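The following exercises are to be worked with the sequence and the model side by side. Try each task before reading its solution.

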Amino acid sequence: MNPVTTVSGTAYPWGAKNIDTDVIIPAHWLKTITRAGLGRGAFETVRAQPGNIFDDPAYAGAPILIAGDNFGCGSSREHAAWALADMGIKAVIAPSFSDIFSGNAFKNGIVPVVLPQDAVDRLLDVAKDQPITVDLETMTVTTPYQDRFTFALDPFRRECLMNGLDEVGLTLARDAAIGAFEHAMTAGRPWVEGRARLTADVVPTI
Amino acid sequence: MAQRPQTLYEKIWAAHVVERRPDGTCLIYIDRHLVHEVTSPQAFEGLRVAGRSVRRPELTLAVPDHNLPTTPRVDAAGKLLPITDPESAQQLDALRRNTAEFGIDYIDATAAAQGIVHVVGPEQGFTLPGTTLVCGDSHTSAHGALGALAFGIGTSEVEHVLATQTLLLSPSRTMEVRVDGTLGHGVSAKDVVLAIIGRIGAAGGTGHVIEFTGSVIRGLSVEGRLTIANMSIEGGARAGLIAPDETTFAYLKGRPMAPKGADWDRAVAWWRTLPSDPGAVYDKVVTLDAAEIAPNLTWGTSPEDVVPITGVVPDPDSFADPSKREAARKSLAYMGLEPGTAMRDVAIQHVFIGSCTNSRIEDLRAAAAVARDRKVADGVRALVVPGSGLVKRQAEAEGLDRVFVEAGFEWREPGCSMCLAMNPDKVPAGERCASTSNRNFVGRQGPGARTHLLSPAMAAAAAVTGRLSDVRELM
Ligand code: SF4
């Protein structure tokens with residue numbers, strides 16, 4: 001994962017509430033086999049409406065999305081985070097997020113920034129024609145008008161984002177401990193590892 | 001110093017802690033990982049992009065199930081038939097390629113051992129007591145029937161397990177669900193688990209791992225226990241567990257992937273130490289009396305919407321909780337049901353006997369016993385989808401396929417099928433299905449489809465009468 005320290009640029013001043021994962025990425029996109037390319041399906045139903053914010057050239061390629069309460073509710077599908085990442089979004093600012101979505105966002109290098117509604121309202125206004133900056137070093141969201149809002153993140157997750165550490169990478173760094181556990185397992189519960197591999201007689205064909 | 005009495009859950013957890021963090025989360029070793037075609041492609045892609053390998057490929061087993069059509073897979077000449085939906089074909093193909101690339105055992109769609117991942121694991125002896133087992137699928141809880149700590153995970157976690165054979169987890173609270181007494185005539189494991197979910201509610205187990213105990217659970221076969229543990233997730237629980245005992249050991253002995261020889265003896269000796277100690281304390285305890293459990297079924301769109309077959313469609317106003325009242329109103333509108341209607345007066349157009357809840361040999365025997373010498377009612381389409389190729393073979397050896405076909409049921413190839421309608425088996429909008437699966441959510445069996453969850457015998461009874469029926473009257 002690429003390290004994220006600041007996200008700066010245009011923001012979609014959307015503000016819609018209770019955006020569920022079905023709106024972020026409709027279910028029929030779930031049959032794909034890659035994370036890449038899901039940006040094409042992101043907000044498909046919103047984009048079907050003429051004059052929608054996502055097809056407005058003023059915000060094309062914006063790295064930030066400003067939304068309303070309870071962003072990412074609905075199913076646990078990780079495709080929602082993949083779709084946002086694929087459309088180039090690196091931070092979402094909202095008054096609240098669904099837990100599962102925010103977990104998935106972190107895992108995919110997207111910063112879920114929680115700010116109070118009045119701060120979000122102010123940013124929605126500024127973002128119409130000005131860029132916005134989310135800074136993980138100072139934990140602030142700032143605008144060219146000297147607005148400065150501070151936010152909080154779980155320290156562990158903040159560190160992962162800033163150092164580009166994905167959870168797999170972090171656990172791989174615990175290789176010695178995992179190896180030691182496996183060593184003890186081989187001695188104490190050898191049958192766990194010793195299962196039969198598949199062979200023709202284990203799996204007869206029709 | 002005497003050790004504090006421990007629950008089965010605590011013992012398995014403790015045996016798998018690689019590291020404990022100051023905040024209480026633990027890096028937990030994963031002994032067994034099952035993989036299917038829908039939730040794995042992006043995990044393998046992630047490994048590939050990062051240049052990572054699979055840490056312990058021999059601890060993972062892959063089998064396609066969700067997308068596979070349940071029509072014949074090879075023609076009369078034994079030639080492979082193509083899969084018509086291009087996206088399904090692509091996912092199935094990706095699983096084949098990914099498992100070959102990363103050295104993971106893969107059971108092909110044409111193998112007799114192929115089946116629903118949660119049927120295959122126990123059947124092959126891949127699922128073992130005291131192991132941690134995960135799969136990118138919520139009904140992984142089923143494997144808890146053999147005393148494995150088993151739960152569903154998301155795609156990022158699938159990747160994490162492939163790369164590290166571990167997961168970072170917080171411990172769950174524990175809940176004992178005890179069912180004592182003797183089950184009445186015509187009452188099966190499915191009726192028991194529906195009664196449990198009806199009692200605790202769809203969110204009743206949230207944050208907990210349920211251990212099912214009591215004389216009724218002890219008296220069930222492994223097949224019946226799998227039905228119960230499978231639906232733990234419908235009660236909101238993270239996982240369900242049943243202590244391993246002689247029934248479990250007898251079931252596993254000699255299965256292709258189960259331990260053999262001296263390994264087997266050592267394993268059994270350890271497995272015997274796993275059941276919860278006398279005096280072990282659970283965070284929550286619920287008890288049910290078997291005598292009060294009737295053949296059950298659901299009336300609404302949540303698995304907690306349970307009534308006995310002798311009951312009626314409830315009146316939304318009868319619920320004390322306003323949000324439940326509102327939900328019931330919506331459910332009934334979707335289900336096309338009027339309050340006060342006797343469940344036995346509700347006509348059905350579809351019957352689905354299958355899914356990881358109820359597609360094992362015992363389930364098919366129970367359904368066939370009702371279908372024998374009867375005919376599927378006019379206007380009803382009834383599907384029997386065995387849980388695996390081996391179940392299918394066994395059923396055919398016992399002549400069950402002929403019983404079904406003569407009665408007018410369709411006898412299909414194994415897979416998830418109409419449980420989630422990801423393959424071509426769907427219930428059309430507005431039509432009603434008596435289903436042995438585990439979820440009656442809006443649209444689960446197809447957009448607009450109406451689902452009633454019930455046991456295999458009850459499903460067969462509905463098929464032959466054309467309406468929801470009390471199987472006890474046909475026995
Ligand atoms: S049968 Fe249904 S519940 Fe079971 S794994 Fe398949 S889709 Fe999931």
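A crossing of two helices is left-handed if the near helix is turned anticlockwise from the far one by less than a right angle, and right-handed if clockwise. The model is predicted: local features need pLDDT of at least 70, side-chain atom pairs count only at pLDDT 80 or more, and totals for chains, interfaces and linings use all residues. Residues are numbered from 1 along each chain as its sequence is written, chains are lettered from A and ligands numbered from 1 in the order in which they are written, and side-chain values use heavy atoms, with hydrogens and water left out.

**Exercise 1. Two helix pairs**

Describe how α12(B) packs against α14(B) and against α15(B).

Solution. Two packed helices are described by the angle between their axes and the distance between the axes. Helices (H or I, at least four residues) and strands (E, at least two) are DSSP runs, numbered from the N terminus. Axes are lines fitted to C-alpha atoms, for helices over the stretch in contact, with angles from 0 to 180 degrees between N-to-C directions. Angles under 35 degrees count as roughly parallel, over 145 as roughly antiparallel, 65 to 115 as roughly perpendicular and the rest as oblique.

Step 1. Helix α12 (residues 361–371) and helix α14 (residues 400–407) of chain B have axes that come within 9 Å and cross at roughly 45°. α12(B) and α14(B) are therefore oblique to each other, and their crossing is left-handed. Contact (heavy atoms within 4.5 Å) involves B:I361, B:L364, B:R365, B:A367, B:A368 and B:A371 of α12(B), with B:L400, B:V403, B:F404 and B:A407 from α14(B). These residues divide into 9 nonpolar, no polar and 1 charged. Here Ala, Val, Leu, Ile, Met, Phe, Trp, Tyr, Cys and Pro count as nonpolar, Asp, Glu, Lys and Arg as charged, and the others, Gly among them, as polar.

Step 2. For α12(B) and α15(B), the axes come within 8 Å and cross at roughly 30°, which makes the two helices roughly parallel. The crossing is right-handed. From α12(B), the contact uses B:D363, B:A366, B:A367, B:V370 and B:A371; from α15(B), B:P456, B:A457, B:A460, B:A461 and B:V464. The division is 9 nonpolar, no polar and 1 charged.

**Exercise 2. The sheet**

Give the strand order of the open sheet of 5 strands in chain B, and say which strands stand at the edges.

Solution. Two strands pair if DSSP finds at least two bridges between them.

Step 1. The order is β17-β16-β15-β18-β19, with parallel pairing. β17 (410–411) and β19 (450–453) stand at the edges with a single partner strand each, so one side of each is left without a neighbour in the sheet.

Step 2. Strands β15 (residues 350–353) and β16 (residues 381–384) of chain B are joined in the parallel sense over 4 bridges. B:V351 has B:A382 of β16(B) as its bridge partner.

Step 3. Helix α15 (residues 456–465) of chain B lies across β15, β16 and β18 (432–435), at about 155° to β15(B).

**Exercise 3. Positive phi**

Is A:Q146 buried or exposed? Is B:S417 buried or exposed?

Solution. Buried means under 20% relative accessible area, exposed over 50%, partly exposed in between (1.4 Å probe, protein chains only).

Step 1. A:Q146 is not a glycine, yet has a positive phi of about 70°. A:Q146 sits in the loop between β7 (140–142) and β8 (148–150) of chain A. At 69% relative accessibility, A:Q146 is exposed.

Step 2. B:S417 also has a positive phi, near 55°, and lies in the loop between β17 and β18 of chain B. At 0% relative accessibility, B:S417 is buried.
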